[in-house]
Amino acid sequence: LWLRTMEILLRWKYLDLLSRSGTAPFWRYQVWQVFGQLHSLGEVLLLLLTALGWRILRPRLSAMELRFTFVAVGLAGSVIFLQALSDGNSGTSESAVSFALFFYIVK
């Protein structure tokens, strides 16, 4: 809920600045996108934990399930930040398109 609130607030600030002056710093767009992706990651994490039966069928997850969850969240989080950092450098070059395709496939 907190991440969604921050995403909406950041999107509003970005679009408000864009509508007033016609331009906005690119870092505002990147921060807005990172919070949106983190919110999506939180939703997927909640679905994963529910699918594993945590707090519904049993009180604890096994060590293997916990490791899998931490690795999956860690990899997804690193992909989110790498994607946000690479968006500023992406143009129309072929390497930028292939990098964007890599992030799409990984997600």
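Is Arg 58 buried, exposed or partly exposed? Arg 58 is partly exposed, its relative accessible area being 29%; the classes are buried under 20% relative accessible area, exposed over 50%, and partly exposed in between, with a 1.4 Å probe and protein chains only. The structure is a predicted model, in which local features need pLDDT of at least 70 and side-chain atom pairs count only at pLDDT 80 or more, whereas totals for chains, interfaces and linings use all residues. Residues are numbered from 1 along each chain as its sequence is written, and side-chain values use heavy atoms, with hydrogens and water left out.

**View 1. Packing of helices α1 and α2.** Helix α1 covers residues 2-21 and helix α2 covers residues 26-51; helices are DSSP runs of H or I with at least four residues, numbered from the N terminus. The two pack at an angle of about 155 degrees, and their axes lie 8 Å apart. That angle makes α1 roughly antiparallel to α2, a label for angles over 145 degrees. Axes are lines fitted to C-alpha atoms over the stretch in contact, and angles run from 0 to 180 degrees between N-to-C directions. The crossing of α1 past α2 is left-handed, that is, the near helix is turned anticlockwise from the far one by less than a right angle.

**View 2. The contact between α1 and α2.** Residues contributed by α1 include Trp 2, Leu 3, Met 6, Leu 10, Tyr 14 and Leu 17. Those of α2 include Val 31, Trp 32, Phe 35, Gly 36 and Leu 38. Contact means heavy atoms within 4.5 Å. By class, the contact has 11 nonpolar, two polar and five charged residues; Ala, Val, Leu, Ile, Met, Phe, Trp, Tyr, Cys and Pro count as nonpolar, Asp, Glu, Lys and Arg as charged, and the others, Gly among them, as polar.

View 3. The whole structure holds three salt bridges, each defined by a side-chain nitrogen of Lys or Arg within 4 Å of a carboxyl oxygen of Asp or Glu. Arg 4 pairs with Glu 7 at 2.9 Å, N to O. These residues of α1 are three residues apart, about one turn of the helix. Arg 4 counts as partly exposed at 33% relative accessibility, whereas Glu 7 counts as buried at 11%. Asp 16 pairs with Arg 20, with 3.0 Å between the closest N and O atoms. Both lie in α1, four residues apart, and Arg 20 is exposed at 68% relative accessible area.

**View 4. The salt bridge of Glu 65 and Arg 58.** The side chains of Glu 65 and Arg 58 meet at 2.7 Å, N to O. Glu 65 is buried, with a relative accessible area of 19%.

View 5. His 39 lies in α2 and is buried, with a relative accessible area of 16%. Beyond residues up to four places away in sequence, His 39 touches Leu 3, Arg 4 and Glu 7. The C-alpha atoms of His 39 and Leu 1 are 8.2 Å apart, although 38 residues separate the two in sequence. Tyr 29, also found in α2, is partly exposed at 27% relative accessible area. Tyr 29 and Tyr 14 are 15 residues apart in sequence and 6.6 Å apart in space, C-alpha to C-alpha.

How values were computed: Angles under 35 degrees count as roughly parallel, over 145 as roughly antiparallel, 65 to 115 as roughly perpendicular and the rest as oblique.
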